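Work through the exercises below with the sequence and the coordinates open. Each task is followed by a solution in steps.

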Amino acid sequence: MWIKYIKDEQGIEVIRVYGQTPDISLPGTIEGCPVIGIYNYCFSGKNKTSCIEGSKLIKYGADTDGQTVQKKDLYDELQREIDTGIVTDVAGDFLEEIVIPDGIKKIGDYCFYQCRKLHTISLGP
């Protein structure tokens with residue numbers, strides 16, 4: 001799963017998520033900082049998040065020990081995976097289920113706009 005985000009003194013705000021499955025669980029922290037918000041249009045079918053100044057990209061995946069690994073600044077790799085169909089925006093009609101971490105304080109405007117197949121939003125650890 002790829003997560004595009006911005007960071008400020010309070011924590012992390014998720015801008016966009018890319019992945020292979022329609023059900024996702026957002027992490028509670030990124031780079032050791034709490035995930036405190038979900039940006040406007042984050043999961044919307046209309047991608048209005050492509051030019052957010054100061055945004056960063058991180059990739060989550062399992063290493064050989066099953067631990068979560070993080071890689072930063074991988075825009076070219078993400079674009080290759082999108083172009084070849086390995087991943088897609090987890091947004092719009094693709095998103096079906098999401099687990100939001102407990103620390104979320106803000107869910108942006110139109111965050112789930114056009115998510116017609118979204119049937120479950122859970123608050124979790």
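**Exercise 1: the partners of E5**

In E5, Ile 38 is the bridge partner of Val 14. The model is a predicted one: local features need pLDDT of at least 70, side-chain atom pairs count only at pLDDT 80 or more, and totals for chains, interfaces and linings use all residues. Residues are numbered from 1 along each chain as its sequence is written, and side-chain values use heavy atoms, with hydrogens and water left out.

Task: In which sense do E2 and E5 pair, and over how many bridges? Then find the other partners of E5.

Solution. 
Step 1. Strands (E, at least two residues) are DSSP runs numbered from the N terminus. Two strands pair if DSSP finds at least two bridges between them.
Step 2. E2 and E5 are parallel, with three bridges.
Step 3. Strand E10 is also parallel to E5, and two bridges join them. Here Ile 38 has Ile 107 of E10 as its bridge partner.
Step 4. Strand E4 (residues 29-30) pairs with E5 in the antiparallel sense over two bridges, and Ile 30 stands opposite Cys 33 in E5. Two residues lie between the strands of this hairpin, where Glu 31 takes a positive phi near 55°.
Step 5. Check the burial, where buried means under 20% relative accessible area, exposed over 50%, and partly exposed in between (1.4 Å probe, protein chains only). Five of the six residues of E5 are buried, so the strand is largely enclosed by the rest of the structure.

**Exercise 2: an arginine in E2**

Task: Is Arg 16 buried or exposed, and which side chain does its own side chain contact?

Solution. 
Step 1. Locate the residue: Arg 16 lies in strand E2, residues 12-19.
Step 2. Its relative accessible area is 2%, so Arg 16 is buried.
Step 3. The side chains of Arg 16 and Asp 89 are joined by a polar contact of 2.8 Å. A polar contact is a pair of N or O atoms within 3.5 Å; within protein, one must be able to donate a hydrogen and the other to accept it, and residues adjacent in sequence count only if both atoms are side-chain atoms.

**Exercise 3: the three-stranded sheet**

Task: What is the strand order of the open sheet of three strands, and which pairing does it have?

Solution. 
Step 1. The order is E3-E9-E11, with parallel pairing.
Step 2. Strand E3 (23-25) and strand E11 (120-124) are the edge strands, each pairing on one side only.
Step 3. E3 and strand E9 (residues 97-101) are joined by three bridges; Ile 24 has Ile 98 in E9 as its bridge partner.
Step 4. Asp 102 lies in the loop between E9 and E10 and is exposed, with a relative accessible area of 58%. The C-alpha atoms of Asp 102 and Leu 123 are separated by 6.0 Å, although the residues are 21 apart along the chain.

**Exercise 4: cysteines**

Solution. 
Step 1. A disulfide is a pair of cysteine sulfur atoms within 2.5 Å. By this rule the count is zero.
Step 2. The closest cysteine sulfur to that of Cys 42 belongs to Cys 111 and is 5.2 Å away, too far for a bond.
Step 3. Cys 115 is in no disulfide either, its nearest cysteine sulfur, that of Cys 111, being 7.4 Å away.
Step 4. Cys 42 is buried at 0% relative accessibility, and Cys 115 is buried at 9%.

Definitions and conventions. Helix = DSSP H or I, 4+ residues; strand = E, 2+ residues; numbered from the N terminus.
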